[in-house]
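Subject: Structure handover and notes

Dear colleague,

I am passing on the structure below, together with some notes on what came out of it. Please open it beside this message and follow along as you read.

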Amino acid sequence: MTDTAADEVLAHVDRGVGRILLNRPKALNALTTGMVAAIDSALAAWEHTPLSAVVLASTSPKAFCAGGDIRTIREHSLAGDAEASERFFASEYRLNARIAEYPVPVVSLIDGVCMGGGLGLSVHGSFRVVTERAVLAMPETGIGFFPDIGASHFLPRLPGAIGMYLGLTGHRLDAADALYTGLATHFVPSDGIDAVADALAGSPGDPVDVVLNRLAGRSPVAESGLAEVRGEVDRAFGAPTLGEIEKRLHHLDTPWAAAALAALESASPQSLEMTHALLARGRQRTLRECLGAELALTRTTIRTPDFLEGVRAALVDKDRSPTWARASHGGRTPSA
C-alpha cells in the first residue's frame with residue numbers, strides 16, 4: 001500500500017467493530033487501485049478477528065464514493081497500458097466478491113453521492129444505510145461504459161424491470177427510491193449517521209438490524225417517485241429488446257417516459273447494447289460469474305472510441321457533449 005492510499009483509506013478496529021473510512025474528499029472518494037488494495041487488505045486482516053460488524057463510511061459530507069477513478073483508466077488506455085487497467089478492475093471486483101462473502105455483516109453508511117464503484121462497496125454488504133442526502137446511480141452508459149462492480153448480478157434482481165431501467169438510463173435515486181428498490185436497507189438522518197459505529201460497538205450482542213432500527217428516523221420510502229411510475233417502468237423496460245423498450249416509451253407518451261427516452265438517446269449506443277445483454281444474462285449467473293463476465297468486457301470496452309470519448313466529455317473537458325461512434329442501435333459490440 002502506498003502512503004497516499006494509507007491516507008485515503010483509514011482502517012482500525014474499535015470495541016469489536018471494524019471501521020473503514022474513505023478519505024479522498026477532493027475526488028469524492030473516487031477509488032484508485034491503491035485504495036481498493038487498502039480496503040481489501042483491511043478486510044483480509046480482520047477475517048479471523050472476532051468482530052460484530054464492519055462499518056464502511058466516508059470523511060466527506062458530500063460523498064460516500066463517486067465510483068472508480070475512470071479518468072485514470074482512460075489515461076491508461078490512451079497510453080496503451082492495458083495491464084494497469086486490468087489490475088484496477090480485477091482488484092476492484094475481487095473486493096466486491098470479498099464483501100459479498102464476508103463472514104460478519106458489512107454496514108455501509110451512504111451520506112451523499114454513491115455511484116458506480118461506490119455501489120460495489122456497499123450493495124454487496126449486508127446493510128446499506130442512507131441519509132436524506134444520499135444519491136445513488138449507475139451512470140456508466142453516459143460515459144461509454146457499462147454497469148460493472150457486480151451490477152449485472154444485483155440490478156436484474158431488483159423488483160420488476162427497475163434494474164434494467166437504472167442500468168440503461170443511469171437514473172439517480174434519492175433515499176426514498178433507494179429504500180423502495182432495496183438498494184438501501186435502513187434510513188438514518190445525516191445528523192445521526194456518525195453514531196452508527198459506536199451504537200454497534202456498544203451493543204455487540206444485538207442483531208445489527210435491531211441496532212440500526214433504534215437509530216432510524218421516519219423512513220421516506222412512501223415518498224418514492226420511482227414507486228409512482230413503477231407500472232410504466234415495468235411495462236417499458238420489461239420489453240425483450242432495446243428497440244421494443246424505446247417503442248413502448250414512445251407509446252406511453254408520459255413525462256416520465258419522455259425523460260427515460262431522452263436518457264437513452266444521450267447514452268452511448270454501444271453501452272446500451274452491452275448493458276442490455278449483460279443484465280438479461282445476469283439473472284441466471286452467480287455473482288462471481290457476473291464479475292468474471294464484466295472483467296472480460298472491460299478489456300475490450302476501455303479501448304473503444306465511445307469509452308474514450310464519453311470519459312473525455314464527462315470528466316476531462318466536462319463539456320457533456322460526447323460524439324458517439326454510432327447514432328443508432330445495431331451492429332457489433334463487445335460481447336457480454
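Two strands are said to pair if DSSP finds at least two bridges between them, and the strands themselves (E, at least two residues), like the helices (H or I, at least four residues), are DSSP runs numbered from the N terminus. This is a predicted model, in which local features need pLDDT of at least 70 and side-chain atom pairs count only at pLDDT 80 or more, while totals for chains, interfaces and linings use all residues. Residues are numbered from 1 along each chain as its sequence is written, and side-chain values use heavy atoms, with hydrogens and water left out.

Let me begin with the strands. Strand β1 (residues 9-14) pairs with β2 in the antiparallel sense over 6 bridges, and V9 has L22 in β2 as its bridge partner. The hairpin of these two strands has 2 residues between them, and R15 there takes a positive phi near 50 degrees. On the parallel side, β2 pairs with strand β3 (residues 53-58) over 6 bridges, with G18 standing opposite V54 in β3. Is β2 enclosed or open? Strand β2 (residues 17-22) is largely enclosed by the rest of the structure, because 5 of its 6 residues are buried, where buried means under 20% relative accessible area, exposed means over 50%, and partly exposed lies in between (1.4 Å probe, protein chains only).

There is also an open sheet of 3 strands, in the order β4-β6-β8, whose pairing is parallel. Its edge strands, β4 (63-65) and β8 (135-137), each pair on one side only, and the twist averages 15 degrees from one strand to the next. Between β4 and strand β6 (residues 113-115) there are 2 bridges, and C65 has C114 in β6 as its bridge partner. S122 is found in helix α5 (residues 117-122) and counts as buried because its relative accessibility is 1%.

Turning to the other helices, α2 (residues 33-46) has 14 residues and reaches 20 Å from its first C-alpha to its last, close to the 20 Å expected, a span taken as 1.5 Å times one less than the number of residues. Its buried residues include M35, V36, I39, L43 and W46. The axes of helix α13 (residues 242-252) and helix α14 (residues 255-266) come within 8 Å and cross at roughly 145 degrees; axes are lines fitted to C-alpha atoms, for helices over the stretch in contact, and angles run from 0 to 180 degrees between N-to-C directions. Where they meet, I245, E246, L249, H250 and L252 of α13 face W256, A257, A260, L261 and L264 of α14.

L249 and W256 are also among the residues with the most contacts inside the largest nonpolar core, which has 88 residues; such a core is a set of buried Ala, Val, Leu, Ile, Met, Phe, Trp, Tyr and Cys residues joined through side-chain atoms within 4.5 Å.

Finally, K318 and R320 are both found in the segment after α17. Phi is near 60 degrees for K318 and near 55 degrees for R320, although most residues other than glycine have a negative phi. K318 counts as exposed because its relative accessibility is 55%, and R320 is exposed too, with a relative accessible area of 63%.

Best wishes

Methods: Contact = heavy atoms within 4.5 Å.
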